[in-house]
Amino acid sequence: MTLAYIPSPSTGVIHLGPIPLRGYAFCIIIGVFVAVWLGNKRWIARGGKPGTVADIAVWAVPFGLVGGRLYHVITDYQLYFGEGRDWVDAFKIWEGGLGIWGAIALGAVGAWIGCRLRGIPLPAWADALAPGIAIAQAFGRWGNWFNQELYGRATDLPWALKISEGPNRVAGTYHPTFLYESLWCLGVAALVIWADRRFRLGHGRAFALYVAAYCLGRGWIEYMRVDEAHHIFGVRLNVWTAIVVFIAAVVYFVLSAKLRPGREEVVEPDTSGGPGDAAAADKPKAAEAEVKADAKPDLAKAAPADGKAAEGAAKADLTKAADGAANGADKS
């Protein structure tokens, strides 16, 4: 008998009148806001402009949601297109089912489009956002708690997760793999922030570190899960995906460090100096030049006048000196 356990919510939906607030969607939204907020602070610290992270996230987030759902539907197609299944359920994203691998892959495509429009390098933006993505995943995993899904093997540990009877699940206490992954993601975020400050990671290496560290945790957590999944050589598909992505992230990290060491000096071009700004900046110079031009004729006129006056005074002195000498000669 389990004396202590983590209870599951009786429902994943709270109704405010006719408006349903779904816990799964709420967790994702909170994660996105935290990721953009933290990413914005890190982007500014790297020399970027406020608001750029949010502008690019407008592209990355929708692409990421579509990619995450596509990965889930494709790899678990039997849940939607098998016998007795309704394919319309594939569009019910609020019921759960987002594959992080598809979300990151297609989200990167959206981010690339946004970066191209702003004229900034995608790796630099990804570095700024990396720990925020990990924190967003930590929040998002609590959506699985609301839906009572993606738990691990049965256990009687004090932190076991209690699952109630329902469609495709048996009542009991199980490993709370959602909690394990949530805590792991917070640790990954802390690791990336520390390493980025300590080693000044750049050119996509902070993002690569996040990917590699996440895959390490996802591998053993995925191995504990008991939900239906495809297997290759007796190993769950997501475990193989984690292994392949981990290797790719490490290879990128090593090659990037050799080919492009250090961090980007400029992450976002200064586009504030438009034609209007240039004209405004030239106004003081034009006024100064105009003053100098106005002053030159006066100086030119004054110079000859002063010269003639001096010449006249000199001649007068010479005349007086000559007259004095002549008078002296007469007296002698």
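User: Which residues form a nonpolar patch on the surface?

Analyst: Ile 232, Phe 233, Trp 240, Ile 243, Ile 247, Val 251, Leu 255 and Leu 259 do, with about 830 Å² of accessible area together. Patches take residues with over 30% relative accessible area and no salt bridge, joining like charges within 9 Å and nonpolar side chains (Val, Leu, Ile, Met, Phe, Trp, Tyr) within 5 Å. A salt bridge here is a side-chain nitrogen of Lys or Arg within 4 Å of a carboxyl oxygen of Asp or Glu. Areas come from Shrake-Rupley with a 1.4 Å probe, and for residues only the protein chains shown count as cover.

User: Before I go on, what are the ground rules for the model?

Analyst: This is a predicted model, where local features need pLDDT of at least 70 and side-chain atom pairs pLDDT 80 or more, while totals for chains, interfaces and linings use all residues. Numbering runs from 1 along each chain as its sequence is written, and side-chain values use heavy atoms, leaving out hydrogens and water.

User: OK, where does the largest share of that nonpolar patch come from?

Analyst: From helix H9, residues 237-259, which supplies six residues. Helices (DSSP H or I, at least four residues) and strands (E, at least two) are numbered from the N terminus.

User: And Ile 247, what's its relative accessible area?

Analyst: It's 48%, so Ile 247 is partly exposed; this residue is found in helix H9. Buried means under 20% relative accessible area, exposed over 50%, and partly exposed is in between (1.4 Å probe, protein chains only).

User: Switching to aromatics, how many pairs does the count come to?

Analyst: Ten aromatic pairs. The rule takes rings of Phe, Tyr and Trp (its six-membered ring) with centres within 6.5 Å; planes under 30 degrees apart are stacked, over 60 edge-to-face, and the rest tilted. Take Trp 101 and Tyr 214: their centres are 5.9 Å apart and the planes sit at 55 degrees, so that pair is tilted.

User: What does the pair of Trp 101 and Tyr 214 tie together?

Analyst: Parts 113 residues apart in sequence, because Trp 101 lies in helix H4 (residues 100-118) and Tyr 214 in helix H8 (residues 205-224). Trp 101 and Tyr 214 are both buried.

User: Now the charged ones. Is Arg 236 buried or exposed?

Analyst: Buried, with a relative accessible area of 6%. Arg 236 is found in strand E6, residues 235-236. A polar contact of 2.9 Å joins its side chain to that of Glu 222, and the Arg 236 side chain also reaches the backbone oxygen of Asp 227 at 2.9 Å. Polar contacts are N or O pairs within 3.5 Å; within protein, one atom must be able to donate a hydrogen and the other to accept it, and residues adjacent in sequence count only if both atoms are side-chain atoms.

User: What about Glu 268, where does that lie?

Analyst: In the loop between H9 and helix H10 (275-331). Glu 268 is buried, at 8% relative accessible area. Its side chain reaches the backbone nitrogen of Lys 49 at 2.8 Å and makes a polar contact with the side chain of Arg 118 at 3.2 Å.
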